[in-house]
Amino acid sequence: MDSVETPNLSEDVIKKDLLPEIYQWSLSNGLIMYPPNFELGTVSIAPTTLYPTPVPKRSFQDAIAVQKAYNELYCNVSRDGNKNWLSNESSKLAGFDSEFTGRLWELYQKASKQGYRQKLRLGVFRSDYLIDKRHDEIKQVEFNTISVSFGGLSSKVGQLHNFLNDSGKYSPEKGLNFYSNEIPVSESAIKIADTLATAVEHYSSCKQDPVVAFVVQDGERNVFDQRIIEYNLLQRHGIQTVRFTLEQVKTHTFMDYNSKRLFWRKSGQEIAVIWFRSAYSPTDFKTEESWENRLILETSYAIKAPDLLMQLSGTKKIQQLLTNPEILAQFVSDETARNQLLSTFVNIYPLDDSPLGIEGKRLAFEQPFNYVLKPQREGGGNNIYKNEIPEALRKMDKKDWAAYILMELIQPEPNRENVILRGSEYYKEPILSELGIFGCVLFDESEIYYNQYSGWLLRSKFNSSNEGGVAAGFGCVDSLVLY
Ligand code: ADP
Ligand code: MG
Ligand code: MG
């Protein structure tokens, strides 16, 4: 089959029938987000598509199949094996990006000096892909090692699209299912909660039942995405969560300075696991104290998801270096796994004085339209695209170029039109979709205790926009129908 038909709905049907269904389902089931500048109590539906996006079953399965290899790769890189490869690379990068990567690196060194009591480390990752039309293959956009989002809402949007299909809303004249193909529902909302619970189980015994801490951003709009996972953690595992921002570490927690165990101040409960849904961008560190507080969390006995070194393994620079088969082989001994990983890479160049870097600089000026220029940042809105690359580079001090990577543009087939809902507005336009696969790994120096595929996410954006961050305001949460 080439693809799947999409529902042919008139503007009138969309407005009068579909929108009320979607608003009411979303509000009933928590497919929601706070609007910009919100007050407590004012929620809106999360930006979503009207119907699921057709995705080839083979691509979907390929992306899932490679996830455990990715988890293991980043576990091995984070272990800093191969003669402290990650430390060496991070220390070099620190020199180029002193503002953020440099500070993370500095903080890691301080933490190392104090010593890590907790040997267990938790990765809650998401590997993002576009399906390239030239090879008809999944190609990796990036690998996220910190603050992966939409594990909660992704499950909800799959349920919404199933509801609309099952209740006949996509074919209002007949009232029958429009799709006979599977519209899968991502298990991420459950699997990420199960992962956090597994980490709690591995945390060595303490007097009371320990809790999981979510370190969050001040004024977070995407809190319901996080809450869904918290509720699953309590419902399925009886584990409570506490939430605080980086600024609140000293007021909301305290540490026993002998054991380094961390406690929730209000109740005295011990914190077994810290999941960072913040601390990935310079704006998350509002004051000098935020950095001190990050260090307190890092050196505590709680299991960090992620710790600083694991966070540093997720820089774009490390992604670029890992596309080198020889470097990759240092971390993945299994040849099948290695080939699987290699098949998902596109060309990525440094912009330094190495032979590959010189080639990168040439391409940046001669063929910028085939590339995207990326700094070492997370969270969307930081990249420089195509013909804007030469000018952006010219404006910079040449010595700063090495802080960037030049990545070949993946060329996805634009999808047919879909309808993107945003607040009370809707837009009918062709879209592009990015598939994210969640993966979780719990490990220490010598053993991997848990390595799992943990569900998926489809995010879509207008074909016309370069970036696809939902929270950053460019995209929406989608689901998929397999063909
Ligand atoms: P961030 O960490 O800020 O999310 P990404 O590497 O994911 O950075 O880039 C942001 C967005 O830019 C992606 O979601 C995608 O839409 C687009 N993008 C990034 N790299 C590529 C690429 N190689 N080809 C096509 N689009 C890309
Ligand atoms: Mg990212
Ligand atoms: Mg991204």
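Two residues count as in contact when their C-beta atoms, placed from the backbone, lie within 7 Å. Keep that in mind as you open this predicted model, where local features need pLDDT of at least 70, side-chain atom pairs count only at pLDDT 80 or more, and totals for chains, interfaces and linings use all residues. Residues are numbered from 1 along each chain as its sequence is written, while chains are lettered from A and ligands numbered from 1 in the order in which they are written.

Start with the whole protein chain. Among its contacts with a separation of 6 or more, 73% join residues 24 or more positions apart. Show the C-alpha atoms: they fill a box of roughly 70 × 60 × 45 Å along the principal axes. Then switch to cartoon to find 16 helices and 21 strands (DSSP runs numbered from the N terminus: helices are H or I, at least four residues; strands are E, at least two).

Next, select residues 211–313, which an unreviewed UniProt entry lists as "domain: Glutathione synthase substrate-binding"; such annotations may be inferred rather than shown by experiment. This span is 35% helix and 23% strand, and its end C-alpha atoms lie 27 Å apart.

Now pick Val212, Val215, Val273, Ile274 and Trp275, which touch the most other members of the largest nonpolar core, a set of 114 residues. Such a core joins buried Ala, Val, Leu, Ile, Met, Phe, Trp, Tyr and Cys residues through C-beta atoms within 7 Å, buried meaning 20 or more other C-beta atoms within 10 Å of a residue's own. Strand β18 (residues 425–443) gives this core its largest share, 9 residues.

Last stop: a separate core of 16 residues, including Val372, Leu393, Tyr404 and Leu406.

How values were computed. A residue is buried if 20 or more other C-beta atoms lie within 10 Å of its own, exposed if 12 or fewer, and partly exposed in between; C-beta atoms are placed from the backbone.
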